Amino acid sequence: MVELNVFRAQWMSELKPNSASNGGNRGLSSRAADMKRKQELAREEKARELFLKAVEEEENGAVYEAIKYYRRAMQIVPDIEFKINYSRSPDPDGGNENDMDGEIEDLLAYFHQQLTLQDNSLKICVPEVDMAQMHISALPPEVLMYIFRWVVSRDLDLRALEQLSLVCRGFYICARDPEIWRSACLRAWGRSCTKLVPFNSWREMFLERPRVRFDGVYISKTTYIRQGEESLDGFYRAWHQVEYYRYLRFFPDGQVMMLTTPEDPLVTVPRLRSRNTRVESIMCGHYRLSQDTDNQTKVFVVVSKRKEEKVAEYQRISRFCRRIPAAPETEHSFHVGLQLSSGGRQSFNKLNWIHHSCHITYRSTGETVVTAFDLDQMYASFYFARVKSYTAFSERPL
């Protein structure tokens, strides 16, 4: 029994140093792993800063400097491109983006506050450097708003107004003036937009409510194949590909121009800039918007030939006739129904045919005969094309 106790004591004494050494080894290995992990994180952070610096240099046009930073970053961490988070700012003192977003949630009120804090009175803008000439900030707000109305013009060029708002904070405030957007809505829809509901502002109404666009032209291209006459020997019969275009140009005052021609848009579109164009066979008239209970906005157009074209035609005929021909006994007008829709990234850029008819009115009896046309593949949809020259000049203020 004594020998057994001695053996146990000797055995326990041999186990204690081994357990201590094992615990020490485990502690050393864990500290080494932590140190290695910290080193890897430091290397990734250094590579991330170099990579973001390279991105910044590349955006500024310094390609040579960007290549050097890219090379240094990839030497530290070869796959840093796939580990980087581009949403983070390379500047550690940039601050928290979420806090900034919450601070300027209402950008208009924020700009009002910033301009007021610069001085006790609200100023539209402040010159960056001292100048001897008169700065635009010296103009009264009423005069500046009148200039903004000239920018918008009677053609409702609100795109120019949005671009003008990017100049400075004061111009941004002026471009959000409710009276400008209210006047634009009244010109676009007339008295049917006296109430804001369900929109929160006049600007939101103008941007979201369906309407035809005035800063360009709607174009419809129709192509079909027609069988030609048989050859003299009866050996073959020719086939012809027919291609023509329809153009619709709307104006804010309710006027519209419609033209059907085989000429290419590059030739025809510049001629439609003014409503007093001399293009032959053009038809002019008016249009109106109608919104049904199914929330589908429709455009109804009534066009006819110009009266001066008819008079010129009579005078041309009278040169070869001894007597002046009598005035025509009939008047022709064309009624067109279109459905307004949006396609792609643009709004209100598509018009689909829903009706087309010809109304012939006899002067002697006052009777009107209506001939409706069947809408088939010959009636291709209209697509909007913006034309910068249509809004390049302002003839009258809004």
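Trainee: Why is Ser281 called partly exposed?
Mentor: The model is a predicted one. In it, Ser281 has a relative accessible area of 40%. Buried requires under 20% and exposed over 50%, with partly exposed in between, so Ser281 counts as partly exposed.

Trainee: Where is Ser281 placed, and what is noted about its phi?
Mentor: Ser281 is found in the loop between helix H11 (265-268) and E4. Its phi is positive, about 60°, although Ser281 is not a glycine. Most residues other than glycine have a negative phi.

Trainee: Which residue in the loop between H6 and H7 also deserves attention?
Mentor: Leu156 lies in that loop. Its phi is near 55°, a positive value in a residue other than glycine.

Trainee: Is Leu156 buried or exposed, and how do you know?
Mentor: The relative accessibility of Leu156 is 7%. The cut-off for buried is under 20%, and therefore Leu156 counts as buried.

Trainee: What makes Trp11 partly exposed?
Mentor: Trp11 has a relative accessible area of 45%. Together with Leu4, Phe7 and Met12, Trp11 forms a nonpolar patch on the surface, with about 430 Å² of accessible area for the four together.

Trainee: How do you know that Cys174 is in no disulfide?
Mentor: The structure holds 0 disulfides. For Cys174, the nearest cysteine sulfur is that of Cys168, 8.0 Å away. A disulfide needs the two sulfur atoms within 2.5 Å, so Cys174 is in none. Cys174 counts as buried, because its relative accessibility is 5% and the cut-off is under 20%.

Trainee: How does the reach of helix H9 compare with the expected value?
Mentor: Helix H9 (residues 178-189) has 12 residues, and from its first C-alpha to its last the helix reaches 16 Å. This is close to the 16 Å expected at 1.5 Å a residue.

Trainee: Which residues of H9 are buried, and what covers them?
Mentor: The buried residues of H9 are Ile180, Trp181, Ser183, Ala184, Cys185, Arg187, Ala188 and Trp189. Their cover includes helix H6 (141-152), helix H7 (158-164), helix H8 (169-175), helix H10 (202-208) and strand E4 (283-291). Just after H9, Gly190 has a positive phi of about 75°.

Definitions and conventions
Residues are numbered from 1 along each chain as its sequence is written. This is a predicted model: local features need pLDDT of at least 70, side-chain atom pairs count only at pLDDT 80 or more; totals for chains, interfaces and linings use all residues. Side-chain values use heavy atoms; hydrogens and water are left out. Helices (H or I, at least four residues) and strands (E, at least two) are DSSP runs, numbered from the N terminus. The expected span of a helix is 1.5 Å times one less than its number of residues. Buried means under 20% relative accessible area, exposed over 50%, partly exposed in between (1.4 Å probe, protein chains only). Contact means heavy atoms within 4.5 Å. Patches are made of residues with over 30% relative accessible area and no salt bridge: like charges are joined within 9 Å, nonpolar side chains (Val, Leu, Ile, Met, Phe, Trp, Tyr) within 5 Å. Accessible areas come from the Shrake-Rupley method with a 1.4 Å probe; for residues, only the protein chains shown count as cover. A salt bridge is a side-chain nitrogen of Lys or Arg within 4 Å of a carboxyl oxygen of Asp or Glu.
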